[in-house]
Amino acid sequence: MADIIPSPATAPATALSASGPASGVGTGAVLERIKDFTAQPAVQRSLPMIGMLGLLGGAALLWSTMSGAPQRDLFAGMGDADKAAVADSLKAAGIPYEIDRSTGSLTVAETSFYQAKMLLAQQGLPKSAPDGDTMISSLPLGASRAVEGEKLRTAREMDLARTIEAIDSVDTAKVHVAAEQPSVFLRDEAKPQASVMLRLRAGRTLSDSQVQAIVHLVASSVPNLSPDGVSVVDQAGRLLSSSGGDPMSQASTRQVDIQNKIEQRYLEALNKILTPIVGPGNFTAEVHADVDFTETQATRESYPKDTAVVRQEQGSWTGDKKNGEASGIPGALSNQPPAASQVAAAPNQTVDAPAAGTTDAANANKTSENYNRTYELGREVSVTRAPVGSVKRLSVAVALREGSRKFSRAELASIETLVRGAIGADQARGDVVALSARSFAVAEEAEVKPNWWEAPWVSTLARNLSALLVVALLVFGVAKPLLKRRAAYVEEKKAALDAMVASGGRLPQGTNPAIRAEIASEMAQQALIDPNKPVTLDMIEATPGYANRAELIRNFVKQDPDRAALVVRDLIRADMPGA
């Protein structure tokens, strides 16, 4: 009996099971084992459920992948130590994070981005780059002079960068100083140069005064460095420093700034005076200031005529003859005294002789004089300098909104008077004030509204809908057909069992082979438990395992020896067609 137990249908499987472990197998043997395993009725019955569970798991995984919020880089350029500290803080706060495998950047969900930023800012993370003190303290003992010089230069650059980062608009800064080492063997030394790289905060800019402040800060911190040798660049590659620029261009920029400030001051005055009267948004005003930037200086020097004063006098006079006494050589004509002068008086007037001892009397007795007189003259020096940036002329235009409210002429005149007083209009200067009441046109939207598909909620909705669509395709396209096939299989199996019971234990001829094998396997399991139950050839073929088949064959031979002989005959004829 043992020689004829394997049937043609079961021989390959038996040989496989017998030779598989011994051969140690290839891929084909493994695939055959898997095929035999999945061909078992119990596995066949559980395959739809296993497939459905796998689909649901894949759908859940896909949902978790696609429905999550997009990731956003938390901080760019963090060191590993800062990343570790930030990761610990986020983990303690319960904020999920991810680390990009390609770039190593630490990212968080966009919905938790600002929450994580505030949390880390509260804890002082990430820590700033090391300062100069840290660099100097880490200087190794016994370092060479070159290494020490480079360390000190790097420490100075770090300190300058940390100082520049204290400015509100600056996010990060990096300073490079190019200065050669002093040497007694070089006659001509190159002047040091410096460059500053700034990363500005989002939406921030630096004014010219702030840029110049950074330039002078760096120049004053490096010996022998002039402000012209400092270059400041932002993250967009724009040169912010104006070293070596055109002085005329700089002067023009300064003049425009002054003019804008003057006009802005007048606009603020107009807003303050008109807002309480007509209400905000019910007027518009424009001011143009003609500013004189001409630099004028005049110097005048004058000498007043009536302020001359004798400062010094030197000299003498001669020929003073007292009382007409004779002098000179006796007997000569010159020794005779001159005749007394006769002065004729005008009609009705008298002539008075000069009194003795007076200046006139003394001058009358003088014959000659020699004096050297020095006069001190009064001098006046006047310097006149005209102010720079003075307003030569103002032009103001004000338009009032006239809708339901109508302005009378008296009201317009009163408002114009207030406007003139607010700006300090000067008629002699030629200031012009134009006031008009008009109905304003409805302004069209100048801003371009973003498209509706660019809204944030659209991307979130698209992700959720796409994940739901994939899940629906998996459920209704794969899982549901499997369930229907399973239900149809169960119904067909039930009908086959009913037909077998009605026919006295035999399955109909058109029964599905899988259902036939499954029913035979179930009955074989029952026959193995209860030897008194009838055994059929289908049960023997559907039973896996050599021992189980041998047991069923023994029961089959015991229950129907004649039929077993016929089976053996058929097997011999199948193997030996001519027997």
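1. Strands E12 and E13 run parallel and are joined by 7 bridges, where strands are DSSP runs of E with at least two residues, helices are runs of H or I with at least four, and both are numbered from the N terminus. Two strands are taken to pair if DSSP finds at least two bridges between them. Within this pairing, Leu400 stands opposite Ala437 in E13.

2. The model is a predicted one, in which local features need pLDDT of at least 70 and side-chain atom pairs count only at pLDDT 80 or more, while totals for chains, interfaces and linings use all residues. Residues are numbered from 1 along each chain as its sequence is written, and side-chain values use heavy atoms, with hydrogens and water left out.

3. The sheet is open and has 3 strands in the order E7-E12-E13, with mixed pairing. Strand E7 (283-292) and strand E13 (432-438) stand at the edges with a single partner strand each, so one side of each has no neighbour in the sheet. From one strand to the next the twist averages 10°, with axes taken as lines fitted to C-alpha atoms, for helices over the stretch in contact, and angles running from 0 to 180 degrees between N-to-C directions.

4. E12, H11 and E13 together make a right-handed β-α-β unit, the hand being right if, with the strands pointing away from the viewer, the path from the first strand over the helix to the second runs clockwise.

5. A search of the whole structure finds 1 aromatic pair, a pair being rings of Phe, Tyr or Trp (its six-membered ring) with centres within 6.5 Å, stacked if the planes are under 30 degrees apart, edge-to-face if over 60 and tilted otherwise. The ring centres of Phe113 and Tyr114 are 5.1 Å apart and their planes stand at 80°, so this pair is edge-to-face.

6. Phe113 counts as buried at 5% relative accessibility, whereas Tyr114 counts as exposed at 54% (buried is under 20% relative accessible area, exposed over 50%, partly exposed in between, with a 1.4 Å probe and protein chains only).
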